[in-house]
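Have the structure open as you read.

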Amino acid sequence: MPYLGSEQTVKELRRALGNPSVQCDQLRYRNTVLRVIRAMSQGVDVSGLFSEMVKACATVDIVQKKLVYIFLCSYAASHPELSLLVINTLRKDCQDPHPMVRSLALRNMTNLRFPSLVEYVEQPLTAGLRDSAACVRRVAVLGWAKLHHLQPGTEIDGAVVNELYSLLRDRDPVVMVNCLRALEEILKDEGGVAINKPITHHLLNRLKECDMWGQCEVLRYLQRYKPKSEEELFDILSLLDASLVSPHPPVMAATLSLFLNLCSSWPSVGLAALERVCGPLLAACGSGSREMKFTALCHIQLLLRSVPGLLGTHYKRFFCGYAEPPYIKQRKMQVLVELVNDENVGMLLDELKGYCTDVNPDTAQTAISAIGRIGRSYSDKCLVILIGLLGLKQDHITSAVVQTMCDLIWVCPQCSDTVCSSLEGCEETLQDSQGRQALLWLLSVYGEGLSSAPYTLEVFTEEVKSEISLGVKLELLTATMRLFLARPAETQDTLGRLLQYCIEEESDMCVRDQALLYYRLLRCGLQETRRVLQARRSDLSLGIFIGHPAEPVGQWARSFNTMGPLKEGAVETEPARKGNPQHVTCDPKPKSALPDALSSCHTEAGPSDGGGGAQPADTCSGVVASSTPALLTLSLSPVVSPEEFERLWLQRLHEEPGFEESEEEEDCVWVEECIECTAMCHCSPQSLQATMQLVNVQTLAFTPPQALPWRIYLYTHAQHGPSQRSLILGQLLYAGPASRRGGLPAETEEDEQGKDEEAGATAGVAEDGERSGIKVTLRCQPSDDACVRGFISVIRTVLNTH
């Protein structure tokens, strides 16, 4: 919209600029030029004053020159003919004795931005490269980049490029950095500025002379150079060592990015660099700038993906402040989830509990979700908090709690009874569709043991006509069908009314088609319906895991100090990918004694003959070598309580050495098997637990990762063909490689194992002491060799896949 009164304003300014009395008074003339600039900034079209402003350029007053140059650069593109009038004045100023005037004229000459200017600018720019004043050389170097940008199709003279390369050794650090920028722009088609060994060492030696942003620029260009030898690599790292702990976060980030790029083949050096930047990163998290704080938190999440224990002792630095914006609070809570361990879990849960009632619903839901992710390792403590939050009867809190319980119960099914008992009456508070879907899923899977489940579904069915969410309708159909198979008498009427509505009155085709599918499935008989709806939900071959192991630094090193971590959004960082949060107190340095990958071997031990007991591993390696039985069926019911498991497992202590059969009346056999694996302590117990559940094997207890010996206790009910089902109790034991146990010779280790099996059972250790295995101990009751062989094959498959 044009500025009101602009024509009158331009006329007044023209009269003032042409008034001889004003031109004679230098101060009044400058103030009149300032009025022109002020009017231009307010939106007035003052391009009609171009001629008068060109005349005002001929002055010795530097301030007035700056004001006139601002005007000329703004309107030169729209008045290219008139702009040529000022060229002679600018070329004359390029030879002024005052260096400030020379640099000012050279800068504005290149800022006029019209192609016909190129032939007038080349000579002043060439002279500016050799000027004695550093401020003129700075402008001249960047001027060549602007000139190339005006005519991108033309090539800059090779002599100019050589001179720019020679100016990399200029005594002024700003000129050096500007040369890098100019060469990058001019040589863009050739891959940018070339960085060789002499340039690299020269830039590194002068790095401290540059300002903060100059250092960042130099470090970015140095990533192109690859050292030719190991000695040269460590010389470069020594020169970068001081910048790694720079008090300026941008310099620290640029240096660490260069460190990780150079040390891609030296992981231990890269991890040591990550440890050193903890101080600057924590300082950036306490910065007064929200942007700096958010960026630091995003990059800390990157570091924790590879070194989970890096900031474990500084967890209080990530507590949320009252006045912090929600996006920073949510990032801090994601970091806190990564830093939980046995020592601080109580304090962190209390802190997160306070965030659950935040006035911002997104912050509250993020806190509840964080508590749920911690619950995968500390389910009892987290369930107490989540159940208490249900008592607040607030819509968004109840919805977030139900969704969190839905996720938690999938990973920890032993919490199902506690979760289901706490859901009584919460459907009255739920209003959003996601929370209602989560509640319906819980009722469909665990409604058989919930007395009010049929009546809750009846309430949902009565309101289905007013339901607008497609997901809720589909979940209601599935929940009602599955509950009907478990409790037909209480759910038959509700299912009939729901199917009738969905088939005859529902307008959405997805809901109608699913209702027709269920109706036709019921007509095929209850046995066929159960086979479809109550089949195993997933298969091990799908590779569905809860978490992932610690990532190598190389997977995210290229995205460090870029916009990549900020673009990832609110990515949930699950503790399950590292296992129990006890890891944060461990040494973050890599364990060179442990190999990196999980593998399996065929050194096997199986059950003995019909007499019971188990033969030693070296005498029965071929017993279990057969393939997995095709008709093996595993089941988790009936449930074995921890007390019952302990009672049955401790019977082993009263038996003779060698795992001979118990003298009890029950037919029972103990079996030992060794599966060679490496780096088992890096395996996540939660991830392994979830994988076991996919094949109907329940994990009862496990030790934290990195702890030695590392154990998991599990059970299942196995059946092979039409024979009787057997209860199988098992223990997976990893005691670590030989180097972790004091470097004892193999013979000495075997003697120690015989003396104290509980402290260091290490079956499967290779002769060189560098590889060790998972010792599988099984109790099968009643004895069934086929079930034992099949179950060991399943365990081997799970470990190989994991």
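## A helix with a kink

H15 bends by about 30° at Ser238, the bend being the angle between axes fitted to the seven residues ending there and the seven starting there. Helices here are DSSP runs (H or I, at least four residues), numbered from the N terminus. This is a predicted model, so local features need pLDDT of at least 70 and side-chain atom pairs count only at pLDDT 80 or more, while totals for chains, interfaces and linings use all residues. Residues are numbered from 1 along each chain as its sequence is written, and side-chain values use heavy atoms, with hydrogens and water left out.

H15 covers residues 230–244 and reaches 20 Å from its first C-alpha to its last, close to the 21 Å expected (1.5 Å times one less than its number of residues). Its buried residues are Glu232, Leu233, Ile236, Leu237, Leu240, Ser243 and Leu244; buried means under 20% relative accessible area, exposed over 50%, and partly exposed in between, using a 1.4 Å probe and protein chains only. Among the elements covering them are helices H13, H14 and H16, where contact means heavy atoms within 4.5 Å.

## The cores

Now for the greasy bits. The largest nonpolar core has 194 residues, and those with the most contacts inside it are Val46, Phe71, Leu112, Leu274 and Phe318. A core here is a set of buried Ala, Val, Leu, Ile, Met, Phe, Trp, Tyr and Cys residues joined through side-chain atoms within 4.5 Å. A second, separate core of 28 residues includes Val695, Ile728, Tyr734 and Cys787.

Leu112 touches residues including Leu72, Cys73, Val86 and Leu117, leaving aside anything up to four places away in sequence.

## Charged pairs

The salt bridge count comes to 26, each one a side-chain nitrogen of Lys or Arg within 4 Å of a carboxyl oxygen of Asp or Glu. Arg181 pairs with Glu217, their closest N and O atoms being 3.8 Å apart. Arg181 sits in helix H12 and Glu217 in H14, so this bridge ties together parts that are 36 residues apart in sequence. Arg181 is partly exposed at 31%, whereas Glu217 is buried at 17%.

Glu184 forms a salt bridge with Arg224, with closest N and O atoms 2.7 Å apart. Glu184 is also in H12, and Arg224 is in the loop between H14 and H15, so the pair ties together parts 40 residues apart in sequence.

Terms used. Helices (H or I, at least four residues) and strands (E, at least two) are DSSP runs, numbered from the N terminus.
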